[in-house]
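Student: I have a new model open and would like to learn how to read it. Could you walk me through a few features?

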Amino acid sequence: MQNLEPIRIFITVAEMGSFTHAADSLGIQKGRASTAVRKLEEDVGVRLLHRTTRSVQLTEDGRAFHARARDLLAEVDDLHSMFADDRVALRGRLRVDLPTEVARTTIVPALPDFMATYPELELEVSSTDRQVDLVQEGFDCVLRLGPIGDETLIARPLGLLRMVNAASPAYLARYGVPRSLEDLQRQEHRTIHFSTILGAKPYGWEYPDGDSYATLQLPGALRVNSAQTYEAAALAGLGVIQAPLLGIGRYLESGALVEILPNCRRRALAVSLVVAHRSNLSRRVRAFMKWIEDVLTPYLE
């Protein structure tokens, strides 16, 4: 391969799922894009894309090649800028994933400052409460809440999010205000069950137990898998919840939700920035990670 243009074209086609859209994005003719990818496939000796009249999709080999190709271009960009100082503009695409509620309440409202500081960056923000696959889904960086289960990932711990127990005034008027864990059962309180995958075992009501934590199983007819629905259900008076202060703080301030059992909060939630491996730490990624850490610091223990 004489240069990196075919790889850049392939990556754009793969991520946009269309030769036409990729060519328009790159400012080249569709025929040039098609020829470049076909020649790339000849060079590497495998088919990278499935082509139909309606769509373009990565083959299994194409997915593996795409992940490595993105890393290669990131490293090339780093080589070009390794002696650049902070005054040199950051360019290119940055693809990140954020928990939905953190994105909505905290990160997105602060984004104007970040994008004004780096106007030549193209930012793609995914918001989901499931654990995405950084490599297969092509993310440069993700913000994770809770433990990092995959030891192959590189995580930078930021701190701990304080958790709060809460319910709506209407709910508490109906069931009573619990003053102890025993009250939760004696007053027949109901919880809103949360798990990122519906059908999985709910997390349960967690509380401090000596030097560790234990779980109390409370009844509840509603199970949800998103933070927004979890909060909306609490606001509707459907049960008690345990949620980060970062998400529900405004409801506590307005009185739409009321904190309960302040001495029985679940363990604080670990917050980490995660990349697939250290070679993903381009100047773009480092700049974003530093900025998001500054944004979240006021909410961390």
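**Reading the sheet and the helices**

Tutor: Gladly! Five strands make up an open sheet here, ordered S4-S3-S5-S14-S6, with mixed pairing. Strands are DSSP runs of E with at least two residues, helices are runs of H or I with at least four, and both are numbered from the N terminus. This is a predicted model, where local features need pLDDT of at least 70, side-chain atom pairs count only at pLDDT 80 or more, and totals for chains, interfaces and linings use all residues. Residues are numbered from 1 along each chain as its sequence is written, and side-chain values use heavy atoms, leaving out hydrogens and water.

Student: Which are the edge strands?

Tutor: Two strands pair if DSSP finds at least two bridges between them. Strand S4 (121-127) and strand S6 (154-161) are the edges, each pairing on one side only.

Student: How many bridges join S6 to strand S14?

Tutor: Seven, and S6 and S14 (residues 269-275) run antiparallel. Pro 157, for one, has Ser 272 in S14 as its bridge partner.

Student: How are two packed helices described?

Tutor: By the angle between their axes and the distance between the axes. Helix H2 (residues 19-26) packs against helix H3 (residues 30-44) at about 110 degrees, with the axes 8 Å apart. Axes are lines fitted to C-alpha atoms, for helices over the stretch in contact, and angles run from 0 to 180 degrees between N-to-C directions.

Student: Is Glu 231 buried or exposed?

Tutor: Buried means under 20% relative accessible area, exposed over 50%, and partly exposed in between (1.4 Å probe, protein chains only). Glu 231 has 5%, so Glu 231 is buried; its place is in helix H8 (residues 227-235).
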